[in-house]
Amino acid sequence: MPINMIPGRHQAARRGADAFLRALGSEQITLRIADPSAGDTNSQLGITPPTASDVQIAPAVVEVVTPAPDGTRRIQVMLGAKGLQPVADSYGVTDIPAWLLGSQGLVYRGQLMPIKSVTSNCFAGSEYLYLLIATE
Amino acid sequence: MQATKDSFYVALRNRLVAVDPQRTITIDGATRPAIVVAENEPPNAAPPLCDAFYLHWGGARAALPAAGTLMEMECTIAYRTKGTDQNGNLDRGRGLASLDNDVLAICYPPQTAKCDYCSGAAVPLGSTIFWTQPALSALVNAPPYIGREITVSVFFYPEVNQT
């Protein structure tokens, strides 16, 4: 049977990516997500700060990469769909890259680093690996 | 100065609810009138949404340096649209005209009471702010969007002990 006719074949890439991330160290990263806004006047006027939740995602591979041209620190994070999907599902998210970009950022060594880019890798119409770049 | 910014925004927001109640946006899970003060949003907020008004505060100076303490502050209101998918985005011009109508409507009358919102509730400060007629910029065509900016000068008296 041709591979493109095997049902659930995208799970192979997901499991492979998950195993790959675990083999590279299986770290954990914290994603900070803004809680739903109250939408009241105080939040619109910038008086009431938005609250946020920290979510642990594993396995992850975190690498410190070349600083940006202005000298700010950058990190590159690889996340697997197998670890990220359950978290996204709990928030009712369907577009994971957009959700990550809309988050407050990653907490790395106590510092919040906004996510600047998200690249997703797909196999058989399903995402299996995400590459994130976050900066100070 | 902050009371002027807040009062101007709240006045326009409340008028937008009356003029076009369907014009809403959803930010961080909350649906609200489609008018936003850019400086009140997180620095890493998402790019500006379509069909929404974004207020940007500019410079301030004495309106009549030789007489009194009246000040003026510039406010730019930016908005853009890409039309609707149902109409193949061919209604971009109509969408922009609708936004133009709304922004002209909410800017009139060109005055409102000045209130202090720092405590979380509107505390009247006993004066009014007023502003010029909106000046519409040329249309900005940046496919798939078309948009525009309007500018108004908002006049106010700075108050003692006012942040």
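A97(B) is partly exposed, with a relative accessible area of 36%. Partly exposed lies between buried (under 20% relative accessible area) and exposed (over 50%), using a 1.4 Å probe and protein chains only. This is a predicted model: local features need pLDDT of at least 70, side-chain atom pairs count only at pLDDT 80 or more, and totals for chains, interfaces and linings use all residues. Residues are numbered from 1 along each chain as its sequence is written, and side-chain values use heavy atoms, without hydrogens and water.

**Where A97(B) sits**
- Helix 2 of chain B, residues 92-106, holds A97(B). Helices are DSSP runs (H or I) of at least four residues and strands are runs (E) of at least two, numbered from the N terminus.
- F8(B) is 89 residues from A97(B) along the chain, and their C-alpha atoms are separated by 23 Å.

**Where chain B meets chain A**
- In chain B, 13 residues are in contact with 15 residues of chain A. Contact means heavy atoms within 4.5 Å.
- About 1200 Å² is buried between the two chains, and carbon and sulfur atoms give 51% of that area. Buried area is the accessible area (1.4 Å probe) that two parts lose on being put together, summed over both.
- The count of salt bridges between chain B and chain A is 0. A salt bridge needs a side-chain nitrogen of Lys or Arg within 4 Å of a carboxyl oxygen of Asp or Glu.

**What chain B supplies**
- Helix 1 (2-19) and strand 2 (30-33) of chain B each supply at least two residues of the side that touches chain A.
- Helix 1 of chain B gives the most to that side, with 4 residues.

Definitions and conventions: Chains are lettered from A and ligands numbered from 1 in the order in which they are written.
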